[in-house]
Amino acid sequence: MKLGFIGLGIMGAPMAGHLLAAGHELFAQSRSGVPADLLAAGAKACTTAADVAYAADIIFLMVPDTPHVAEVLFGETGLDKGLSSGKTVVDMSSISPIATKEFAKRIQALGCNYIDAPVSGGEVGAKAASLTIMVGATEASFATVKPLFELMGKNITLVGGVGDGQTCKVANQIIVALNIEAVGEALLFAAKAGADPARVRQALMGGFAASRILEVHGERMIKRTFNPGFRIELHQKDLNLALEGAKALGLSLPHTASVAQLMNSCVALGGAAWDHSGLVRALETAANFQIAGN
């Protein structure tokens, strides 16, 4: 198939690589340029998003935030300038569900299909093609693109109509953030009390407190490996989406709000680019005590 991919960062580049490896023709564009390994594998570099839209039948987006998606779709050289009837746009970024529905209306008015399909799994999942993909689409457009999703992920779910994928991703980010905070508090408590946090984590992994967050991010907290992964600033953005949505829906999300404040503290400490497991550093700063290391 003739595929397009826009946004070749930490996650986008390996995702695009899986599509190439399956034998598809790939037209790629990114603000940082197309990585050399993708070019060597046969990707064709495009100058603008419009060029990608003109060349490809299905175009994937993987960019940081809502304004970036808007620019890619409708900017001066945006996708809408190169789209023709029958093409499909698949946004795999994590952005506002409300904005997603508006973007979809504008793309559908051009006679094209629009799918929102945010992912969970981070850099590790992107490289391993084991991402969880949460899809908002019609049944027909989902059926068309599902074989391509299967090249990038394992747990692929049609959640509902356009926008529902983004809503699901926001819910995911609430759960992940609260779990990271809980693991951080638990290991900080254990270490301050004089127990070996590594052995505490090992013991907890055999009980009801076991989780992927405790397994992966608990280890990061102990080993002090805060290179992303998934950056604090991106999770901060996702929690802001949750709180904006909660306000619009008349909901109170008190613990989401408190974790969002801890994310803000990490950014203030210079940690915008830390892995989100680095949230523990805000807790450590408040306690004037570090779980492990220097």
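Contact here means heavy atoms within 4.5 Å. This is a predicted model, in which local features need pLDDT of at least 70 and side-chain atom pairs count only at pLDDT 80 or more, while totals for chains, interfaces and linings use all residues. Residues are numbered from 1 along each chain as its sequence is written, and side-chain values use heavy atoms, with hydrogens and water left out. Helices (H or I, at least four residues) and strands (E, at least two) are DSSP runs, numbered from the N terminus.

**Helix 8 with helix 11**

- In helix 8, V170, Q173, I174, V176 and A177 meet H235, D238, L239, L241 and A242 of helix 11.
- This contact divides into seven nonpolar, two polar and one charged residue; Ala, Val, Leu, Ile, Met, Phe, Trp, Tyr, Cys and Pro count as nonpolar, Asp, Glu, Lys and Arg as charged, and the others, Gly among them, as polar.
- The axes of helix 8 (residues 164-192) and helix 11 come within 9 Å and cross at roughly 115 degrees; axes are lines fitted to C-alpha atoms, for helices over the stretch in contact, and angles run from 0 to 180 degrees between N-to-C directions.

**Helix 11 with helix 12**

- Helix 11 (residues 232-249) packs with helix 12 (residues 254-268) at an angle of about 150 degrees, their axes 9 Å apart.
- That makes the two helices roughly antiparallel, a label for angles over 145 degrees.
- Helix 11 contributes I232, H235, Q236, L239, A242 and L243 to the contact, and helix 12 contributes T256, A257, V259, A260, M263, N264, C266 and V267.
- By class, this contact has 10 nonpolar, four polar and no charged residues.

**Nonpolar cores**

- A nonpolar core is a set of buried Ala, Val, Leu, Ile, Met, Phe, Trp, Tyr and Cys residues joined through side-chain atoms within 4.5 Å, where buried means under 20% relative accessible area (1.4 Å probe, protein chains only).
- The largest core has 33 residues, of which F5, M15, F60, M92 and F149 touch the most other members.
- Helix 1 (12-21) and strand 1 (2-6) are among the elements that each supply at least two residues of this core, and helix 1 gives the largest share, five residues.
- Apart from it lies another core, of 26 residues, including I213, I222, F226 and L283.

**Helix 13**

- V280, A282, L283 and E284 are the buried residues of helix 13 (residues 280-287).
- Those buried residues pack against helix 8, helix 10 (212-223) and helix 12.
- Just after helix 13, N288 takes a positive phi of about 55 degrees.

Notes: Parallel < 35°, antiparallel > 145°, perpendicular 65-115°, else oblique. Buried < 20%, exposed > 50% of the residue type's maximum accessible area, 1.4 Å probe, protein only.
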